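Please walk me through this structure in the viewer. Tell me what to select at each stop and what is found there.

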Amino acid sequence: MSRNHRLLVKNAKQVVLICNNGEKFLTRHGMNNLSVIENASIVVSSDGVIKAVGPAETISARYSESSFDNVIDAAGMCVLPGLVDAHTHPVWAGDRVHEFAMKLAGATYMEVHRAGGGIHYTVEHTRAAAASDLLSSLGSRLQRMQRAGTTLVECKSGYGLELQTELKMLEVIEEASRSLPISISSTYCGAHAVPKGKTVAEATEDVLQVQLPRLKELMSAGRLKVQNIDVFCEQGVFDLDSTRAVLLAGKEMGLNINFHGDELHPMNAAKMGADLGALAISHLEEVTDEGIVAMAKSKTAAVLLPTTAYILRLPQPRARDMLEAGVIVALGSDFNPNAYCCSMPVVMHLACVNMRMSMTEALAAATINAAYALGRSDTHGSLEVNKHGDLLILNATRWEHLIYQLGGHQELIRYVVVRGNIVYDNDKTLDL
Ligand SMILES: N=CN[C@@H](CCC(=O)O)C(=O)O
Ligand SMILES: [Zn+2]
């Protein structure tokens with residue numbers, strides 16, 4: 001085959017495909033039996049998709065006449081799919097380090113929120129921030145995520161709570177998606193909190209009558225691309241009825257339902273979401289048995305966020321019950337000013353230790369299942385022919401080191417590759 005291709009990664013000790021039959025998600029047995037090839041190579045074509053993956057000898061014979069823009073000798077290294085972070089709030093101004101201290105001293109998340117802090121504090125700062133500043137801090141955060149292995153990330157709005165700032169956030173997300181080498185799934189979360197001075201009914205009305213109609217116009221005119229709709233369904237925030245109304249309105253606009261449910265109180269949000277055909281529901285620390293059964297049946301992904309339960313000292317999400325019931329379990333960092341974590345390897349470690357997931361379950365949840373939660377598992381989440389050439393190359397002979405070495409990803413990750421382009425080379429960065 002005498003053609004030019006973008007990238008050859010050759011002779012890797014392990015290549016973790018995740019799956020190899022075009023599966024859109026994995027559950028139960030599938031999550032514990034990931035597809036891994038020893039001594040393997042990968043070719044990424046000049047349009048950035050995986051052209052071939054297989055035993056090193058086979059690839060070497062098949063591509064002996066080809067040329068490559070880049071060749072990585074991965075002898076002694078492991079290759080994994082780029083990680084997928086299924087839940088983040090990365091666009092904001094004003095950190096909340098002072099609230100971290102308050103919470104360590106005993107204040108609960110809702111006590112801080114009700115006192116006008118929490119999301120309200122971030123809203124105040126984000127409304128006042130220039131779009132250019134939001135874009136620049138978003139870029140740094142996404143770069144940190146990427147250096148920790150994330151190549152596809154969900155990004156929410158939700159610190160505006162009124163039309164102008166929500167649109168400013170979505171535009172910033174879209175600009176990042178155009179200009180940065182990381183794939184983004186954009187989420188409108190105008191119902192993230194009830195703005196100060198408004199009732200739940202008034203806030204819901206504003207989302208339904210003002211924000212969503214304008215978003216629809218901009219989307220129809222091709223001026224804004226948004227994929228998901230989100231609501232913070234919680235006691236003291238949006239109740240089940242207002243949540244349902246907003247999610248349904250978003251669904252009618254073609255958005256995927258992907259929302260916060262059953263985090264601090266059992267609201268049976270999981271059952272409601274499954275009945276609406278939600279693609280994903282996040283948090284679920286307080287999910288009911290009925291919710292678990294309904295999510296398994298409707299193939300609604302459970303996006304579990306181990307950092308939240310850890311930082312807020314909440315009960316852990318019932319990952320084992322969900323996995324045993326056949327729910328599609330995914331993971332997200334929940335990066336936000338409350339949970340400042342950019343690292344999916346840390347998230348997987350917490351999921352294993354605190355939520356009792358196995359390492360293979362955690363990796364499936366942070367790749368193919370997280371991609372499914374974003375409606376992107378046809379292009380992301382596994383190393384299969386025709387999917388995006390998004391890779392993570394580890395300086396380790398077994399992939400499990402990525403999870404085992406808590407906080408060790410900075411040294412372990414040698415390269416991050418997006419669509420066959422090397423976007424992070426740890427050695428070069430260290431040399432600077
Ligand atoms: N729970 C609601 N939203 C975020 C927190 C946002 C914030 O506190 O700023 C979450 O997913 O954890
Ligand atoms: Zn969240």
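Start with β8 and β9, which pair in the parallel sense over three bridges; strands pair if DSSP finds at least two bridges between them. Helices (H or I, at least four residues) and strands (E, at least two) are DSSP runs, numbered from the N terminus. Between these two strands the chain passes through α8, and the β-α-β crossover is right-handed: with the strands pointing away from the viewer, the path from the first strand over the helix to the second runs clockwise.

This is a predicted model, in which local features need pLDDT of at least 70, side-chain atom pairs count only at pLDDT 80 or more, and totals for chains, interfaces and linings use all residues. Residues are numbered from 1 along each chain as its sequence is written, while chains are lettered from A and ligands numbered from 1 in the order in which they are written.

Next select Ala 191, which stands opposite Val 231 in β9. Then show β9 itself, residues 228-231: Asn 228 and Asp 230 point one way, Ile 229 and Val 231 the other, and all are buried (20 or more other C-beta atoms within 10 Å of a residue's own, with C-beta atoms placed from the backbone). In a regular strand, side chains alternate between the two faces of the sheet.

Move on to β10 (residues 256-261), which pairs with β9 in the parallel sense over two bridges. Asn 256 in β10 is the bridge partner of Asn 228.

Conventions:
A residue is buried if 20 or more other C-beta atoms lie within 10 Å of its own, exposed if 12 or fewer, and partly exposed in between; C-beta atoms are placed from the backbone.
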